[in-house]
Amino acid sequence: MPLYAGFDLGGTHLKYGLIDERGRVVFSGRVETPQKIDELMHLLRRTWESLKKREKEGIESVGFGFPGIFSLKEQKIFQSPNYPELDNFELLPALSRSIEVPFWVNNDANMAAFGEFKCGAGQGVQNMILLTIGTGVGSGIILDGKLWQGKCGFAGELGHVTVNPEGEKCNCGSQGCLETEVSAPKIVKNYNTLRKKREEISAEELFHRAEKRDKAALQAFALAGFYLGIGLSIAINFLSPEKILLGGAVMSAGDFLLPSALEEARKRSYKASFECCRIEKASLGNKAGFIGAALWAKEQMIN
Ligand SMILES: [Zn+2]
């Protein structure tokens, strides 16, 4: 049975796996992301070698999802706010020294959106957006059943639309992006601001405090939800998608974030457009990226 490999580079972990023709995961793994690009390339080579040893019959193709804006023309990442070592790095020549089967590279959130569209909560729709909220905010767009990349490949960066003109400085160079206002570090910051204290706590701990009805924790999530709602209304009015899927670690605290997000999105969207869009949780978890990358490469090979 032919198998296809996928890699998904995140800020903390590299996720990877093998899927079969129908997108079923036959093997998956994850390792911590090294911060240096040379170490990352060594890690990719070692992981690829181990996948080949595991599958003696051979792997047909490999797909990679990397963070940052990926140029279709130059085939490299121009700007990766959350992994700056990738900026303008000659990715394809480096990968081709290790990978001897056909391979394709794309943006990580695009690949996750493609994975959800093909095998997850986006199955059966033709127009959808995936928004992943964690340390950063990624998004990918499927239009008329195809991944929408824009002319140069930079489309789908909903995480970097401005939702708060007075907001935090963003790693992308802008200010008050959806990413800076709803990602995990900002929710912790909201909490500290509300309590007028500075405490180093994780978003997970904050989630537990919200579960215990800590008022400031609930408010911190609700404030992020407010800005998420603005982002959702932009997407709804602009594209009128059938579905918006929400994924990423912050969405495990969705119950604290979603009510204010939905309220704000409803207020700011055209009523008919809001009602025609289903906003749901994504279903593939942190496997969406490598599944999508593997399927993407498989499709490119056929076309
Ligand atoms: Zn930004």
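**Reading a predicted model: burial, cores and contacts**

Q: Why does arginine 22 count as exposed?
A: Its relative accessibility is 66%. Exposed means over 50%. The value passes that cut-off, so arginine 22 counts as exposed. Like every value here, this one is computed from a predicted model.

Q: Where does arginine 22 lie, and how far in space is it from leucine 295?
A: Arginine 22 lies in the loop between β2 (13–19) and β3 (25–32). Its C-alpha is 9.0 Å from that of leucine 295.

Q: What makes proline 84 an exposed residue?
A: Proline 84 has 54% relative accessibility. The cut-off is over 50%, so proline 84 counts as exposed. This proline is in the loop between β6 (76–79) and α2 (91–96). Proline 67 is 17 residues away along the chain, and 9.5 Å separates the two C-alpha atoms.

Q: Why is alanine 253 called buried?
A: Its relative accessibility is 4%. Buried means under 20%, so alanine 253 counts as buried. The residue is found in the loop between β11 (243–247) and α8 (254–268).

Q: Which residues does alanine 253 touch, and how far is its C-alpha from that of glycine 120?
A: Leaving out residues up to four places away in sequence, alanine 253 touches Phe207 and Phe221. Glycine 120 is 133 residues away along the chain, with 20 Å between the C-alpha atoms.

Q: Why is leucine 218 called partly exposed?
A: Leucine 218 has 22% relative accessibility. Buried would need under 20%, and exposed would need over 50%. The value falls in between, so leucine 218 counts as partly exposed.

Q: Where is leucine 218 found, and which residues does it touch?
A: Leucine 218 is in helix α7. It touches Ala210, Arg213 and Phe256, with residues up to four places away in sequence not counted. Leucine 218 and arginine 266 are 48 residues apart in sequence, and their C-alpha atoms are 21 Å apart.

Q: What makes phi of aspartate 144 worth a look?
A: Phi is near 45° there, a positive value in a residue other than glycine. Most residues other than glycine have a negative phi. Aspartate 144 lies in the loop between β9 and β10 (146–147). At 61% relative accessibility against a cut-off of over 50%, aspartate 144 counts as exposed.

Q: What is phi of arginine 213, and why is this residue called exposed?
A: Phi of arginine 213 is near 65°, again positive in a residue other than glycine. Its relative accessible area is 57%, and exposed means over 50%, so arginine 213 is exposed. The residue is found in the loop between α6 and α7.

Q: How many residues does the largest nonpolar core have, and which elements supply it?
A: This core has 40 residues. At least two come from each of β8 (128–133), β9 (137–143), α4 (178–182), α5 (184–195), α6 (203–211), α7 (215–239), β11 (243–247) and α8 (254–268). Helix α7 gives the most, with eleven residues.

Q: Which residues have the most contacts inside that core, and what does Phe221 touch?
A: They are Leu206 and Phe221. Phe221 touches Ile187, Ala203, Leu206, Phe207, Ala210, Ala253, Phe256, Leu257 and Ser260, with residues up to four places away in sequence left out. Another core lies apart from the largest one. That core has 29 residues, including Phe7, Leu40, Leu51 and Phe64.

Q: How do you know that the chain agrees with a compact globule?
A: A compact globule of 303 residues would have a radius of gyration near 19 Å. The chain has 19 Å, so the two agree. Its C-alpha atoms fill a box of roughly 55 × 45 × 35 Å along the principal axes.

Q: What do the totals for the chain say about burial, contacts and surface?
A: Of the 303 residues, 53% count as buried. Among contacts with a separation of 6 or more, 63% join residues 24 or more positions apart. The chain exposes about 14,300 Å², and carbon and sulfur atoms supply 51% of that area.

Q: How many helices and strands are there, and how far apart are the mean positions of the charges?
A: The chain has ten helices and twelve strands. It carries 37 positive and 36 negative charges, with mean positions 3 Å apart.

Technical notes: Residues numbered from 1 in each chain as written. Predicted model: local features only at pLDDT ≥ 70, side-chain atom pairs only at ≥ 80, totals over all residues. Heavy atoms only, no water. Core = buried A, V, L, I, M, F, W, Y, C linked by side-chain atoms within 4.5 Å. Buried < 20%, exposed > 50% of the residue type's maximum accessible area, 1.4 Å probe, protein only. Helix = DSSP H or I, 4+ residues; strand = E, 2+ residues; numbered from the N terminus. Contact = heavy atoms within 4.5 Å. Rg over C-alpha atoms; globule rule 2.2 N^0.38 Å. Areas by Shrake-Rupley, 256 points an atom, 1.4 Å probe, with all protein chains shown as cover. Lys, Arg positive; Asp, Glu negative; His and termini not counted. Charge placed at Lys NZ, Arg CZ, Asp CG, Glu CD.
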